[in-house]
Amino acid sequence: MPPLNFCIVDVFAEEKYAGNQLAVFTDAAGLSTEEMQAIAKEVNFSETTFIQSSTPKDGGYDVRIFTPACELPFAGHPTLGTAYVLQQMVIQQPVEQVNLNLKVGQIPVTIAYQNQLPTELWMQQNPPTFGTVLSAEAIAPILSLSTDEIDSRFPIQEVSTGVPFIIVPLQSLSALQRIRVNSDRLFTLTEHLEAKDIFVFCPETRNPANQFSARMFAPNMGIAEDPATGSANGCFAGYLVQHRYQGTENIDVRVEQGYEIGRPSLLLLHAELMSNQISVKVGGNVVMVAKGEFV
């Protein structure tokens with residue numbers, strides 16, 4: 001295998017060494033699926049992406065996404081981070097939009113600039129779909145919480161914009177911080193569900209400028225806890241509109257994630273009901289951390 005160029009970026013980060021780490025391989029066309037999976041396992045970030053060509057096809061760049069354990073059809077922070085690397089390393093000039101061809105379809109990412117450098121990136125996710133509603137009695141033991149720490153005003157529900165998650169509303173930041181996931185119970189619960197991973201949130205935050213705190217657990221994908229999850233937050237944005245959590249058919253909110261594992265992250269969410277369909281966008285900042293070569 002010839003040497004492979006890669007970048008490491010921090011996504012949904014307000015500064016270096018925060019947010020969610022991503023390795024992006026910029027010239028991966030010659031790699032087999034097995035080689036990409038082995039590299040992702042070696043890198044051992046929550047996700048690693050592989051750009052398949054430096055030339056766009058159907059207006060977008062072919063990209064594949066892997067966790068240490070499996071390939072994903074879509075993931076949020078890899079989409080933003082890869083778009084940033086494509087703009088910086090492949091396109092090498094300011095463009096308003098970069099399209100990624102993923103297994104869920106083509107996902108557009110818009111980019112804002114300051115002094116020729118990207119400052120804020122936004123991805124348009126697929127419209128959310130809503131699945132099974134679960135009980136607090138089924139979920140609370142998985143999270144090592146009591147049922148009264150779950151907010152009974154809103155449902156515990158499967159939601160997907162490409163990758164499904166179980167969305168769980170909590171009453172307080174204290175409950176969110178005390179979660180300890182029982183993986184065996186989670187595996188048993190999700191055996192017959194589409195969603196395998198859990199996203200929990202509450203309306204209390206550390207920073208008063210933000211509206212929600214969140215955590216995401218994905219042991220099924222080899223990720224004990226993810227510091228910033230764009231795909232799950234897209235599902236969450238759709239959930240907020242679907243259930244009128246804030247009393248409106250549109251939302252613009254800031255979500256904290258990753259504090260419990262030392263990777264503070266900030267995700268920006270916009271969603272609105274348009275023609276009986278919910279439009280979802282997830283945004284944030286990307287910071288370049290390193291460039292290197294796999295030999």
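Start by selecting α2, which gives the most to the lining of the largest cavity, with 3 residues. Helices here are DSSP runs (H or I, at least four residues), numbered from the N terminus. A cavity is a set of points on a 1 Å grid over the protein atoms alone where a 1.4 Å probe fits but cannot get out, and lining residues have an atom within 4 Å of a point.

Before going on, note that this is a predicted model, where local features need pLDDT of at least 70 and side-chain atom pairs count only at pLDDT 80 or more, while totals for chains, interfaces and linings use all residues. Residues are numbered from 1 along each chain as its sequence is written, and side-chain values use heavy atoms, with hydrogens and water left out.

Now stay with the cavity. The structure holds 1 cavity of 30 Å³ or more, and the volume of the largest is about 80 Å³, taken as the space filled by probe spheres set on the points. Select E47, A75, F165, T229 and S231: of the 16 lining residues, these are the closest to its centre. Next, colour α2 (76-91) and α6 (230-242), the elements that give two or more residues to this lining.

Move on to α3 (residues 136-143) and α5 (residues 183-190), which pack at about 150° with their axes 8 Å apart; axes are lines fitted to C-alpha atoms over the stretch in contact, and angles run from 0 to 180 degrees between N-to-C directions. That makes α3 roughly antiparallel to α5 (angles over 145 degrees). Finally, show A138, I139, P141 and I142 in α3, which meet R185, L186 and L189 in α5 (heavy atoms within 4.5 Å).

Terms used: 1 Å grid on protein atoms, 1.4 Å probe; cavity = no way out; pocket = protein on both sides within 12 Å on 5 of 7 lines; lining within 4 Å. Parallel < 35°, antiparallel > 145°, perpendicular 65-115°, else oblique.
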